[in-house]
Amino acid sequence: MSESFILGVNYWPRRKAMYWWSDFDAGEVREEFAVIRDLGMTVVRIFLLWDDWQPTPDSVSADCLRNLGTVLDIAAEHGLGLDVTFFTGHMSGPNWSPKWLLDPNEPPIGQDKLVSGGEIVNIGYRNSYIDPVARAAQRLQVRTVVDAYKDHPGVWMWNLGNEPDLFAIPPDEATAIGWLTEMRDLIKGLDPQHLLTCGLHSASLFDNRPHRIHQTFNLMDVPVMHSYPQYIHVVRDPLDPDWVPYTCALTSALCGKPTLMEEFGGCTNAPGKPSEIWKWQPYGEDREVLMASEDEFAAYIEAVLPKLVEVGATGAMMWCYADYIPELWDKPPCRDSWHERFFGLVRPDGTLKPHAEVIKRFAATQPTVQPAQRTVTLDITPDAFYEEPALHTIRLYEQYKPGGIRLEF
């Protein structure tokens, strides 16, 4: 019997967004999980915002732990499985740090880029890969959550972070591998049944970072990739339908396993408005992002989904469930990351965007995981790839899709 192609979504509640753990509303979750299931999706990725989950390094919030149980119950009621992401410190532009990790002796990460206790702070924090207090806190969070819910039918997969090297960078490969190994062994010792991953992103294809694709996913059960052509300046078309499948195929070529596209998507303009480029200066930096028309973005998603099947991907998970409601626009991350307000399958008023209907139609075809019909031929070793990863990522895309890249980086 063929394995089902996973369709899922990354989730923050529409009315609470990143503030849902501190202002939990089970009714909202139940209502929205019903929508997700009606669209034909089966997996929901949620994030344990570190600042909310560990008010002190030697404790885990009892309220958050209990509320996670409620979310798991609701997921199971709707036939959904949760991709549970630990110690979430990076999200949607800024980083989010527990207060106890802050350190005025550490350099700030950038103007208005750090949030703690729901407020913007402009100081630094200790590196969570090497700080012994942070490492002990991570072990405690993993032990507490996994031990409490390892037998819950709502758990689908454990996840060691949301692009964790955007929150802190391991000083070297040995530290990265050591951290992954420690966390893997701790989780598998408690729960040998459920899958495990670590949420890497396309920076791991462009930069020689300690979290290298092949080393990371040799230790994990499920390779994943987060990929957005609109953020890659060398891609000719910000809605290039081949870029997301390509990065999935390249990840598989590097690690030798089929890959889950755990995050992809894009931001849309207001209903009825055409595609346009927004330009502004978040965090003191110049930024421009395509705000696609809703219909153009729906056409993009309709093109990407079968191409992911074509490269042998195990599934596709949209970023994200809902646009932010206007009442949250003056709070992080929306205050500075304007485009983050409009990444949802549903609009601020809860109505479905056209690409949600595209996903529902695709789900109705009951897609299955297929042997890769289109692949990336890795003509060098993974270690050689990481000597010049950006060059090889671009070079291999030119082979995969000639003319898809602006060759000037």
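Modeller: This is a predicted model, and I'll start with its overall packing. A compact globule of 409 residues would have a radius of gyration near 22 Å, and the protein chain has 20 Å, so the two agree. If you draw a box along the principal axes, the C-alpha atoms fill roughly 55 × 50 × 50 Å. Of the 409 residues, 59% count as buried. Now take contacts between residues at least 6 apart in sequence: 75% of them join residues at least 24 apart. The accessible surface comes to about 15300 Å², and 51% of that belongs to carbon and sulfur atoms. As for charge, there are 35 positive and 57 negative side chains, yet the centres of the two sets lie 1 Å apart.

Strand S6, residues 114-116, pairs with S7 in the antiparallel sense over 2 bridges. If you want to find one of those spots on screen, look for serine 116, whose bridge partner in S7 is glutamate 119.

Serine 97 lies in the loop between S4 and strand S5 (102-103). Is serine 97 buried or exposed? Its relative accessible area is 0%, and the cut-off for buried is under 20%, so serine 97 is buried. What does serine 97 touch, once you leave aside its neighbours within four places in sequence? Its contacts are Asp51, Leu102, Leu114, Val115, Ser116, Tyr125 and Phe167. Notice that Ser116 is on that list, the serine that has glutamate 119 as its bridge partner.

Serine 92 lies in the loop between S3 and S4. Its phi is near 60 degrees, a positive value in a residue other than glycine. Serine 92 is buried too, with a relative accessible area of 8%. Phenylalanine 87 lies in strand S3, residues 81-88, and its phi is also positive, near 30 degrees. At 7% relative accessibility, phenylalanine 87 counts as buried.

For a contrast, have a look at some other strands. Strand S9 (residues 155-162) and S10 pair in the parallel sense over 4 bridges, and there asparagine 159 stands opposite threonine 197 in S10. Since 4 of the 5 residues of S10 are buried, that strand is largely enclosed by the rest of the structure. Proline 192 is found in the loop between helix H5 (173-190) and strand S10 (195-199). With 55% relative accessibility, proline 192 counts as exposed. Its C-alpha atom is separated by 9.1 Å from that of lysine 150, a residue 42 places away along the chain.

Strand S13 (residues 276-280) and strand S14 (residues 287-291) pair in the antiparallel sense over 5 bridges. Lysine 279 stands opposite glutamate 288 in S14. The hairpin has 6 residues between the strands, and tyrosine 283 takes a positive phi near 55 degrees.

Last stop: strand S15, residues 315-319, where alanine 316 lies. Alanine 316 counts as buried, at 2% relative accessibility. Not counting residues up to four places away in sequence, alanine 316 touches Phe5, Ile6, Leu7, Gly8, Leu260, Met261, Phe264, Leu305 and Leu308. A cis peptide bond joins tryptophan 319 and cysteine 320, with omega about -5 degrees. Cysteine 320 is found in the loop between S15 and helix H10 (354-364). Proline 333 is found in the loop between S15 and H10 as well, and a cis peptide bond joins it to proline 332, with omega about 0 degrees.

Key: Residues are numbered from 1 along each chain as its sequence is written. This is a predicted model: local features need pLDDT of at least 70, side-chain atom pairs count only at pLDDT 80 or more; totals for chains, interfaces and linings use all residues. Side-chain values use heavy atoms; hydrogens and water are left out. The radius of gyration is taken over C-alpha atoms; the globule rule is 2.2 Å times the number of residues to the power 0.38. Buried means under 20% relative accessible area, exposed over 50%, partly exposed in between (1.4 Å probe, protein chains only). Contact means heavy atoms within 4.5 Å. Accessible areas come from the Shrake-Rupley method with a 1.4 Å probe; for residues, only the protein chains shown count as cover. Lys and Arg count as positive and Asp and Glu as negative; His and the chain ends are not counted. The place of a charge is taken as NZ of Lys, CZ of Arg, CG of Asp or CD of Glu. Two strands pair if DSSP finds at least two bridges between them.
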